[in-house]
Amino acid sequence: MKDKIIKKATDMFLKLGFKSVTMDDIAGEMCISKKRFTNISAIRKP
């Protein structure tokens, strides 16, 4: 799931510009809540 978020965010940054994309925008595009998005993005691989 984290890889899908990174891919979607990258696509959005390239299309809309880094400064105009928010966490809410990415979470909305992924059809997940902002809380879930934050929990997933906070997971770190050892």
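A contact means that heavy atoms lie within 4.5 Å of each other. The exercises below use this term for a predicted model.

**Exercise 1. Describe the overall make-up of the protein chain.**

Solution. 
Step 1. Count the elements: the protein chain has three helices and zero strands.
Step 2. Read their order: from the N terminus on, the elements run α-α-α.
Step 3. Consider the dimensions: along its principal axes, the C-alpha trace spans about 30 × 20 × 15 Å.
Step 4. Consider burial: 22% of the 46 residues count as buried.
Step 5. Consider the contacts with a separation of 6 or more: residues 24 or more positions apart account for 39% of them.

**Exercise 2. Characterise the surface and the charges of the protein chain.**

Solution. 
Step 1. The accessible surface of the protein chain comes to about 3900 Å².
Step 2. Carbon and sulfur atoms contribute 60% of that surface.
Step 3. There are 11 positive and 5 negative side chains in the protein chain.
Step 4. The centres of these two sets lie 6 Å apart.

**Exercise 3. Determine which residues of helix H1 are buried and what they pack against.**

Solution. 
Step 1. Locate the helix: H1 covers residues 2-16, which is 15 residues. From its first C-alpha to its last, H1 reaches 21 Å, close to the 21 Å expected at 1.5 Å a residue.
Step 2. Apply the cut-off: a residue is buried when its relative accessible area is under 20%. In H1, the buried residues are Ile5, Ala9 and Met12.
Step 3. Explain their placement: because these residues cover an arc of only 65° around the axis, they are on the same side of H1.
Step 4. Examine the other side of H1, where Asp3, Lys4, Lys7, Leu14 and Lys15 are exposed.
Step 5. Identify the partners: the buried residues of H1 pack against helix H2 (23-30) and helix H3 (34-42).

**Exercise 4. Examine the positive phi angles of Gly17 and Cys31.**

Solution. 
Step 1. Recall the general rule: most residues other than glycine have a negative phi.
Step 2. Apply the cut-off for exposure, which is over 50% relative accessible area. With a relative accessible area of 74%, Cys31 is exposed.

Note on methods
Residues numbered from 1 in each chain as written. Predicted model: local features only at pLDDT ≥ 70, side-chain atom pairs only at ≥ 80, totals over all residues. Heavy atoms only, no water. Helix = DSSP H or I, 4+ residues; strand = E, 2+ residues; numbered from the N terminus. Buried < 20%, exposed > 50% of the residue type's maximum accessible area, 1.4 Å probe, protein only. Areas by Shrake-Rupley, 256 points an atom, 1.4 Å probe, with all protein chains shown as cover. Lys, Arg positive; Asp, Glu negative; His and termini not counted. Charge placed at Lys NZ, Arg CZ, Asp CG, Glu CD. Expected span 1.5 Å × (residues − 1). Arc of directions from axis to C-beta.
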